[in-house]
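This report describes one protein chain, from its overall make-up down to single residues. The sequence and structure are shown first.

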Amino acid sequence: MAQKVTTRKANFCEAETKMVLTEIRRNFDKLFGKSASSSEKTLLWRSICTKVNGIYGKARDTEDLKKKWRDIRLKAKQTAARRQKEQVETGAPKTPHSELEMMVLDTLHPESVAGVGTMDTSMARLPRQQGKP
């Protein structure tokens, strides 16, 4: 039986990632807001993809860029939350975020990283409904 050989796509270099983030930030309201139709959003993603591929010569598709955005956004949120927790626990000054992290964090609501208020929602208990244990 012949085995199918698959090749892995190349990792995003830092400059490529920075370009993707710059283009997403430039078009953020249209890509993630309600002002543009899904076909307009698709065209914007294709446009970003064409720019990135034109400069870096890699065969990226729009799904690669969307996945990169999701992954880097998640990583930035986790890093920011971890740093904030460490700062609260130790009292040490916050360590600065990288340029790429700042580009991502600028697009997020502060509550999506820090949570709402000072309450740790992982420890919160829901109130009991009457008649139910």
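## The chain as a whole

The model is predicted. The chain has six helices and zero strands, so its pattern along the sequence, in keeping with the helix assignment, reads α-α-α-α-α-α. Of the 133 residues in the chain, 25% are buried.

Contacts between residues at least 6 apart in sequence were also sorted by separation. Of these, 63% join residues at least 24 apart.

## Helix α1 and what covers it

Helix α1 covers residues 14-26. Its 13 residues reach 18 Å from the first C-alpha to the last, close to the 18 Å expected at 1.5 Å a residue.

The buried residues of α1 are Glu16, Thr17, Met19, Val20, Leu21, Glu23 and Ile24. Among the elements that cover them are α2 (28-32), α3 (38-56), α4 (62-90) and α5 (99-105).

## Packing of α1 against α3

A pair of packed helices is described by the angle between their axes and the distance between the axes. For α1 and α3, the axes come within 10 Å and cross at roughly 155 degrees. Angles over 145 degrees count as roughly antiparallel, and α1 and α3 are therefore roughly antiparallel to each other. Their crossing is right-handed.

On the α1 side, the contact is made by Ala15, Glu16, Met19, Val20, Glu23 and Ile24. The α3 side contributes Trp45, Ile48, Lys51, Val52, Ile55 and Tyr56. Sorted by class, the contact of α1 with α3 has nine nonpolar, no polar and three charged residues.

## Packing of α1 against α4

The axes of α1 and α4 are 11 Å apart, and the two helices pack at an angle of about 90 degrees. Because of this angle, α1 and α4 are described as roughly perpendicular to each other.

From α1, the residues making the contact are Thr17, Val20, Leu21 and Ile24. From α4, they are Leu65, Lys68, Trp69 and Ile72. By class, the contact of α1 with α4 has six nonpolar, one polar and one charged residues.

## Helix α4

Helix α4 has 29 residues, which should span 42 Å at 1.5 Å a residue. Its end C-alpha atoms are 42 Å apart, in agreement with that value.

The buried residues of α4 are Asp64, Leu65, Trp69, Ile72, Ala76, Thr79, Ala80 and Arg83. After α4 comes Gly91, which has a positive phi, near 80 degrees.

Thr17 is found in α1. Residues under 20% relative accessibility count as buried, and Thr17, at 5%, is therefore buried. Not counting residues up to four places away in sequence, Thr17 touches Phe12, Lys68, Ile72 and Leu100.

Lys68 lies in helix α4. At 24% relative accessibility, Lys68 counts as partly exposed. With neighbours within four places in sequence left aside, Lys68 is in contact with Phe12 and Thr17.

Lys68 and Leu21 both take part in the contact of α1 with α4.

Terms used. Residues numbered from 1 in each chain as written. Predicted model: local features only at pLDDT ≥ 70, side-chain atom pairs only at ≥ 80, totals over all residues. Heavy atoms only, no water. Helix = DSSP H or I, 4+ residues; strand = E, 2+ residues; numbered from the N terminus. Buried < 20%, exposed > 50% of the residue type's maximum accessible area, 1.4 Å probe, protein only. Contact = heavy atoms within 4.5 Å. Expected span 1.5 Å × (residues − 1). Axes fitted to C-alpha atoms, helices over the stretch in contact; angles between N-to-C directions. Parallel < 35°, antiparallel > 145°, perpendicular 65-115°, else oblique. Left-handed = near helix turned anticlockwise from the far one by under 90°. Nonpolar A, V, L, I, M, F, W, Y, C, P; charged D, E, K, R; others polar.
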